[in-house]
Amino acid sequence: MKFGYFDDVRKEYVITEPKTPLPWINYLGNNGFFGLISNTCGGYNFYKDAKLRRITRFRYNNVPTDSGGRYYYIKEGNTVFNPGFMPVKTELDSYECRHGMGYSVFRASKNGTASTLTCFVPLNDNCEVNKLTLKNETNQAKDLTIYSAMEWCLWNAVDDASNFQRNFNIGEVEVIGSTIYHKTEYRERRNHYAFYTVNSELSGFDTDRDSFLGAFNSWDTPTVVENNESTNSVASGWAPIASHRLSLHLEPCEEKTFVFVLGYIENEQKEKFEAPGIINKTKANALIEKFDSAEKADASLAELNEYWEKLLGKFTVKSDDEHLDRMVNIWNQYQCMVTFNMSRSASYFESGMGRGMGFRDSCQDLLGFVHLIPDRARERILDIASIQFEDGSTYHQYQPLTKRGNGDIGSGFNDDPLWLIACVSAYIRETGDYSILSEPVPFNNVEGSEKSLFEHLKRSVHYTATHKGPHGLPLIGRADWNDCLNLNCFSEEPGESFQTASNFESGKAESVFIAGMFVKYGQEYIEIAKRFGVEQEEIDYIAGEIKLTEKAVEDHGWDGEWFVRAYDAFEAKIGSKECEEGQIFIEPQGFCTMAGIGEDKGFGEKALASVRKHLLNDYGVEILHPCYSQYYLNLGEISSYPPGYKENGSVFCHNNPWIIMGYSRLGDGENAFDTYRRNCPSYLEDVSEIHRTEPYVYSQTIAGRDAKNYGEAKNSWLTGTAAWTFVAATQGLLGITPTFDGLSIVPCLPKGISNYHATRMYRDVLHDITVENSCSGTRKMLVDGVEVAGNVVPLKSGAASVKVVITI
Ligand code: BGC
């Protein structure tokens with residue numbers, strides 16, 4: 001069952017029913033100012049950091065779900081409706097929500113009043129614009145009242161949700177004309193405030209929540225809206241909000257447009273006030289003026305549209321599969337931008353209060369983003385590397401506002417350092433910019449500790465090389481990519497964090513997955529080192545370590561039919577046929593196959609055949625099988641989940657593309673595409689009532705066969721699935737891979753869809769690629785009409801475009 005449809009021409013998903021299985025959301029903003037917005041206008045805004053600089057309030061885990069947002073109440077007589085259905089829930093005569101690239105449009109009508117609400121964050125301004133048009137579609141004149149409403153968050157989202165003994169005393173606002181300013185804590189150590197304005201005269205306002213809602217009321221029945229009378233309340237403590245009241249008269253067929261702007265301003269310390277206690281509004285006034293008419297708002301939206309058109313134009317494909325095309329051309333790239341911006345911080349599943357930017361998460365997110373805006377990728381790499389410690393290990397997360405490592409989450413995840421090589425390699429292969437390797441980067445942000453980025457890479461790879469266990473495999477530390485495989489934790493304390501508690505330093509638990517990473521990224525490190533002119537001794541050392549690691553996997557990490565997952569603190573195998581539960585895990589099958597370990601012995605083929613046999617379900621490849629039926633002290637969080645959920649046997653979508661990449665390495669297009677198709681959101685649109693999350697983006701998990709809700713997805717948007725699937729679709733299936741020396745093109749598609757035309761902007765040259773595949777096995781590549789041997793299109797610097805035709 002569907003709840004809408006794709007409008008590919010406009011690059012939108014159109015939701016036609018407000019009661020979607022879960023809130024289906026969109027993201028507004030690209031750089032500093034962000035908004036989350038659901039199909040019923042729920043959500044919130046923040047500046048850079050959803051924890052430390054939250055602008056509007058939202059209640060996670062609330063009833064009804066999705067409470068808090070930008071709400072517009074439209075009142076005529078006794079009828080009140082909202083353009084996004086919530087919070088009043090008046091049945092609408094028509095409803096549609098269009099989520100597009102950085103904007104959302106809500107169209108609704110009731111009793112002949114049509115409303116169109118367009119919400120977006122402009123490209124270069126710290127504000128959200130809400131353009132609201134009301135049209136009288138009847139032949140009778142109408143008198144309407146509009147009430148806007150949103151609630152201020154007192155900046156720190158954690159404190160805001162817990163420290164009431166202070167918070168109920170500190171709320172402060174100013175109201176000047178049609179602008180409501182939120183200035184809590186500005187009097188003391190903050191240098192920022194927010195405002196909410198509209199380009200029209202008010203017939204009233206409210207800034208105190210209790211005055212607006214009335215005792216015991218919620219957002220669905222505000223007293224002010226019921227009485228059709230604002231109270232002009234000025235908040236002092238308690239809960240400051242912002243609500244404008246607008247009165248309007250509409251002749252038949254007449255329409256009027258209002259532009260509301262929610263803005264964020266920072267002032268220098270010495271320029272904070274214009275009079276004692278009165279905030280300096282110079283910057284706010286300038287921002288308000290920028291959007292004080294419908295024309296200005298429209299021009300800004302047009303600019304945003306153009307920006308996205310250009311950005312997405314960097315990679316386009318036209319194949320015989322509309323789902324593949326739609327995902328690659330639009331939604332997968334869009335989700336890559338969102339995950340790059342948010343890491344795992346703020347979604348409808350990530351509260352924005354707990355997790356900042358993950359080290360491994362951000363490194364991987366970059367893989368799907370680097371082709372879009374390489375400069376931002378560059379900056380991110382340097383930020384990430386700055387939280388690394390001198391020994392090569394690293395903090396696991398950092399806060400986007402401060403860019404400092406987050407001590408609460410700690411360190412010791414032994415896969416982390418190697419992801420730095422993955423993203424730097426991707427950056428250089430994309431851009432050819434080796435200068436990044438010479439950039440001075442501190443350790444743990446300590447001034448004076450700066451060493452070149454290359455030195456950081458070196459310490460990363462050496463960290464793994466020097467932290468090995470009894471079988472010569474890398475030590476796992478607190479956990480590897482699978483945060484929940486906690487082999488040194490042994491937690492018996494209810495509520496104790498599996499990731500920070502370490503009760504047993506075995507020095508023995510090893511990860512075959514990290515071994516696969518080391519072989520793959522060690523090779524990429526060597527490629528970088530060679531080109532950067534690093535001494536041969538270093539290259540030989542790592543090459544030797546790679547050989548040893550491969551040998552260790554072949555001797556101790558191969559189970560006969562598939563790769564073992566790990567060794568526990570007692571040197572017992574995890575993910576082996578010897579185990580009672582959890583006999584096979586997906587991660588090493590994907591990574592060791594990608595790394596080519598045991599390729600001459602057919603390990604990859606066998607491993608992937610085992611994946612199909614044991615792990616494949618209707619929605620993709622499950623993370624492990626059979627699921628753990630009880631809690632195992634020596635395994636940790638992985639066994640804490642009921643069977644079929646999360647790390648205990650769901651389809652953990654993030655690692656499915658590793659299998660696709662494995663198949664691609666083996667040249668198996670049928671299985672590569674089959675794996676891709678199973679959890680591709682667009683393919684799942686028809687079963688939205690089962691899948692439940694948005695059909696335009698990937699979710700982290702889809703409940704596995706053992707789960708009660710088999711097929712139900714959770715944790716949409718912020719998942720490494722976005723970047724990895726983009727890599728798998730474009731580099732694996734379409735086979736267009738940036739290498740150090742040019743674009744390599746080796747398609748790996750099934751028979752039915754083996755031809756395509758793609759355009760790929762690469763090192764400032766537009767590569768126009770046509771693949772004609774008769775599946776004959778022989779291959780010819782013409783570059784600008786001239787036959788070229790091999791798979792790599794030679795670099796053509798200076799040329800605007802290059803035409804590549806491949807016939808197979
Ligand atoms: C985390 C990742 C982790 C994955 C698997 C995600 O929630 O953000 O860092 O690799 O779970 O455990």
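Buried means under 20% relative accessible area, exposed means over 50%, and partly exposed lies in between, with a 1.4 Å probe and protein chains only. By that cut-off N280 is buried, with a relative accessible area of 14%. This is a predicted model, so local features need pLDDT of at least 70 and side-chain atom pairs count only at pLDDT 80 or more, while totals for chains, interfaces and linings use all residues. Residues are numbered from 1 along each chain as its sequence is written, and side-chain values use heavy atoms, with hydrogens and water left out.

**The setting of N280**

- N280 sits in the loop between β21 (278-279) and α5 (282-290); helices (H or I, at least four residues) and strands (E, at least two) are DSSP runs, numbered from the N terminus.
- Leaving aside residues up to four places away in sequence, N280 touches Y186, Y193, N267, E271, K272, F273 and E274, where contact means heavy atoms within 4.5 Å.

**The open sheet**

- Ten strands are a lot to follow by eye, so here is the order: the open sheet of 10 strands runs β1-β2-β9-β10-β11-β12-β19-β16-β15-β14, with antiparallel pairing, and two strands pair if DSSP finds at least two bridges between them.
- At the edges stand β1 (4-7) and β14 (173-176), each with a single partner strand, so one side of each has no neighbour in the sheet.
- From one strand to the next, the twist averages 15°; axes are lines fitted to C-alpha atoms, for helices over the stretch in contact, and angles run from 0 to 180 degrees between N-to-C directions.
- Strands β15 (residues 179-182) and β16 (residues 192-198) run antiparallel and are joined by 4 bridges.
- Y181 stands opposite F195 in β16.

**Helix α16**

- Helix α16 (residues 656-666) is mostly covered, as 9 of its 11 residues are buried.
- Among the buried residues of α16 are N656, P657, W658 and Y663.

**Salt bridges**

- A search of the whole structure finds 67 salt bridges, each a side-chain nitrogen of Lys or Arg within 4 Å of a carboxyl oxygen of Asp or Glu.
- E128 lies in strand β12 (residues 127-136) and R70 in the loop between β6 (54-56) and β7 (71-76), so the pair ties together parts that are 58 residues apart in sequence. Both E128 and R70 are buried.
- E151 forms a salt bridge with R209, with the closest N and O atoms 2.6 Å apart. Because E151 lies in strand β13 (residues 142-155) and R209 in helix α3 (residues 209-213), the pair ties together parts that are 58 residues apart in sequence. E151 is buried, at a relative accessible area of 4%, whereas R209 is partly exposed, at 21%.
- K573 forms a salt bridge with D559, with the closest N and O atoms 3.7 Å apart.
- K573 is partly exposed, with a relative accessible area of 24%, while D559 is buried, with a relative accessible area of 5%.
- Salt bridges that share partners join D7, R10, E12, E96, R98 and R107 into one network.

**A nonpolar surface patch**

- F164, F168 and W238 form a nonpolar patch on the surface, with about 320 Å² of accessible area together.
- W238 has its place in the loop between α4 (223-227) and β18 (240-250).
- Patches are made of residues with over 30% relative accessible area and no salt bridge, with like charges joined within 9 Å and nonpolar side chains (Val, Leu, Ile, Met, Phe, Trp, Tyr) within 5 Å.
- Accessible areas come from the Shrake-Rupley method with a 1.4 Å probe, and for residues only the protein chains shown count as cover.
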